[in-house]
Amino acid sequence: MATEEISRTQGLNPSQQSSSLPDYPQMILEAIEALNEREGSSMSSIAKHIDSTHSDLPASHTTLLSHHLNQMKQMGQIVMLNNNYSKPDPNAPPKRGRGRPPKPKVPLPPGVVVSPPRPRGRPPKPKDLLAPPKPKPVSTGRPRGRPPKKAKTGTATAPPPPPGLKRGRGRPPKVLPSVGFQ
């Protein structure tokens with residue numbers, strides 16, 4: 001019997017499990033109206049107000065609240081300004097999207113057939129069927145481009161210093177050829 005009740009309630013949303021709780025969007029709007037803050041209400045103040053008015057909240061109350069706040073914000077039921085939620089002003093102009101607004105469409109008279117839009121990119125050159133085929137260039141036997149680097153065969157490095165003598169810091173001084181005067 002107890003397992004039947006658990007299995008029945010698992011398929012429902014937490015907001016639907018208890019019938020005494022109103023929907024989250026309704027509770028959020030009630031909280032915003034009741035708080036009536038000038039700059040809007042923060043998420044924490046909305047959560048506190050819902051906590052104080054409704055005692056039988058689910059354990060996942062904070063995640064449900066943030067989910068419904070984001071949903072309501074996307075749908076335009078509430079407006080978010082400076083991390084505060086408030087009801088949208090009915091006298092405010094509608095929010096414009098990004099970018100340049102589209103040009104108004106002029107309705108076409110009936111009976112006009114609209115051609116499909118041109119494809120993107122440069123159109124291909126027309127092929128002349130009567131032209132003779134182009135001769136292939138004569139290759140010299142060498143591949144195109146820069147030849148690959150070849151591995152060095154000889155070592156052109158300086159001989160190692162004698163053992164027991166430490167090398168000093170920095171670049172060694174230039175050795176000048178000794179000029180002998182007689």
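User: Taking helices (H or I, at least four residues) and strands (E, at least two) as DSSP runs, numbered from the N terminus, how many helices and strands are there in the chain?

Analyst: The chain has 5 helices and 2 strands. Read from the N terminus, the elements follow the order α-α-α-α-α-β-β. This is a predicted model, in which local features need pLDDT of at least 70 and side-chain atom pairs count only at pLDDT 80 or more, while totals for chains, interfaces and linings use all residues. Residues are numbered from 1 along each chain as its sequence is written, and side-chain values use heavy atoms, with hydrogens and water left out.

User: What share of the chain counts as buried?

Analyst: The share is 15% of the 182 residues. Buried means under 20% relative accessible area, exposed means over 50%, and partly exposed lies in between (1.4 Å probe, protein chains only).

User: And which residues are buried in helix 3?

Analyst: The buried residues of helix 3 are Tyr24, Met27, Ile28, Ala31 and Ile32. They fall within an arc of 135° seen down the axis of helix 3, so they line one face of the helix. The arc is that of the directions from the helix axis to the C-beta atoms.

User: Why would such a spacing put residues on one side?

Analyst: An α-helix has 3.6 residues a turn, so residues three or four places apart point the same way.

User: What span should helix 3 have?

Analyst: The 12 residues of helix 3 should span 16 Å at 1.5 Å a residue, and its end C-alpha atoms are 16 Å apart, which agrees. The expected span is 1.5 Å times one less than the number of residues.

User: Is asparagine 36 buried or exposed?

Analyst: Asparagine 36 has 64% relative accessibility and therefore counts as exposed.

User: On to helix 5, then. How many residues does it have, and what does it reach?

Analyst: Helix 5 covers residues 61–75, which is 15 residues, and reaches 21 Å from its first C-alpha to its last, close to the 21 Å expected. In helix 5 the residues His61, Leu64, Leu65, His68, Leu69 and Met72 are buried. They cover an arc of only 130° around the axis, which puts them on the same side of helix 5.

User: Which residue takes a positive phi just after helix 5?

Analyst: Glycine 76 does, with a phi of about 90°.

User: Changing topic: where does asparagine 82 lie?

Analyst: Asparagine 82 lies in the loop between strand 1 and strand 2 (84–86). Although not a glycine, asparagine 82 has a positive phi of about 55°. With 74% relative accessibility, asparagine 82 counts as exposed.

User: What about asparagine 84: buried or exposed?

Analyst: Asparagine 84 is part of strand 2, and at 18% relative accessibility it counts as buried.

User: Which residues is asparagine 84 in contact with, leaving aside its neighbours within four places in sequence?

Analyst: On that basis, asparagine 84 is in contact with Glu39, Gly40, Ser41, Ser42 and Val79. Contact means heavy atoms within 4.5 Å.
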